[in-house]
Amino acid sequence: MELGKPQKVYTIEPLEDPVPTPGPDEPAEPPLERRPEPVEMPLARP
Amino acid sequence: VNDAPDYVEPVVGWRMWYAVEHGATTSLSSVVQRTLWPCGAPLVAVCRCFRVRVWPFNRSHDAPAAECRCGIHAANVATLRTYLPERFAWTDLVPVVGRVSLWGLVYEHERGWRAALAYPQCLFVPVAELGRPRAAQMLSDLRRYGVPVRPLDGSTADAVIDEVSALAA
């Protein structure tokens, strides 16, 4: 393409990345199931 | 030395690519240098302009450079309109038109820009002459770039530009 004469020069450092983050092609790994916290049981009296 | 950038948002211009089959998929290719544009990473400009090697002049340099025509090119829509017809006529490759983000070192010209880094922002694919299965596959392949990909019905350069201009408005 004929762009014509150069006018000015500058630097650009985007705050946000112009490259999109890839979408999930594969289903995301399911979150690990949390085990229920152990319930402290009162000791049974003998 | 002040290393702070002049701007913090990319310039957005228009350009044209070819959709080329590469391996099992379709990729974007630059029109002149036939460079393949990567998915998920910016294209980094490299100077491939022909130079007669007469030391110390014409040494290789970072792109873009003031004294060269190198860099990743983009333009305004009016310039694209003048450029597109000849490119449509010269090849059987599928043209793709779209907006591109440019950043890094940027030379601004009267009708466009040359930049060090670039990534497509949105893509428009004329699918009228592709046939439905090929068009669907091509659109799907190009969506790997992670940007909007839209089919266009026009099959001539003017029709494509008219459609793109309307969509972009």
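Modeller: Start with pairing. Two strands pair if DSSP finds at least two bridges between them. In this predicted model, Trp103(B) stands opposite Leu117(B) in E6(B).

Colleague: What makes E5(B) and E6(B) a pair?

Modeller: Ten bridges join E5(B) to E6(B). The rule asks for at least two, so the two strands pair. They run antiparallel. They also form a hairpin, with two residues between them.

Colleague: How do you know that strand E3 of chain B pairs with E6(B)?

Modeller: E3(B) covers residues 43–44. Two bridges link E3(B) and E6(B) in the antiparallel sense. Val44(B) stands opposite Leu117(B).

Colleague: Which other strands of chain B pair with E6(B), E4 among them?

Modeller: E4(B) pairs with E6(B), residues 112–126, over four bridges in the antiparallel sense. Ala75(B) stands opposite Gly112(B) there, and His73(B) has Arg114(B) as its bridge partner. Strand E7(B), residues 149–152, also pairs with E6(B) over four bridges, but in the parallel sense. Pro126(B) in that pairing has Leu152(B) as its bridge partner.

Colleague: Why is E6(B) called largely enclosed?

Modeller: Buried means under 20% relative accessible area. In E6(B), 13 of the 15 residues are buried, so the rest of the structure largely encloses this strand.

Colleague: What makes both faces of E4(B) covered?

Modeller: Look at each side of E4(B), residues 72–75. Ile72(B) and Ala74(B) lie on one side, and both are buried. His73(B) and Ala75(B) lie on the other, and they are buried too.

Colleague: Now the two chains. How many residues of chain B are in contact with chain A?

Modeller: 38 residues of chain B are in contact with 18 residues of chain A. The chains bury about 2,500 Å² between them, with 63% of it on carbon and sulfur atoms. Tyr7(B), Glu108(B) and His109(B) supply 21% of the area that chain B buries against chain A, more than any other three residues.

Colleague: Why quote an area at all?

Modeller: The size of an interface is often given as the accessible area lost when the parts come together.

Colleague: Why is the link between Glu2(A) and Arg69(B) called a salt bridge?

Modeller: The closest N and O atoms of Glu2(A) and Arg69(B) are 3.1 Å apart. The cut-off is within 4 Å, so the pair qualifies. The count between chain B and chain A is one salt bridge. Polar contacts across this interface come to 16 residue pairs, both residues at pLDDT 80 or more.

Colleague: Which element gives the most to the side of chain B that touches chain A?

Modeller: E5(B) does, with nine residues. E1, E4, H1, E5 and E6 of chain B each supply at least two. By class, that side has 22 nonpolar, eight polar and eight charged residues.

Colleague: How do you know that a strand of chain A pairs with E5(B)?

Modeller: Six bridges join strand E1 of chain A, residues 6–12, to E5(B). With at least two required, the two strands count as paired, so a pairing crosses from chain A to chain B. They run antiparallel. Thr11(A) stands opposite Leu105(B).

Notes
Residues numbered from 1 in each chain as written. Chains lettered and ligands numbered in written order. Predicted model: local features only at pLDDT ≥ 70, side-chain atom pairs only at ≥ 80, totals over all residues. Heavy atoms only, no water. Buried < 20%, exposed > 50% of the residue type's maximum accessible area, 1.4 Å probe, protein only. Contact = heavy atoms within 4.5 Å. Buried area = accessible area lost by both parts, 1.4 Å probe. Salt bridge = Lys/Arg side-chain N within 4 Å of Asp/Glu carboxyl O. Polar contact = N/O pair within 3.5 Å; in protein donor to acceptor, adjacent residues only side chain to side chain. Nonpolar A, V, L, I, M, F, W, Y, C, P; charged D, E, K, R; others polar.
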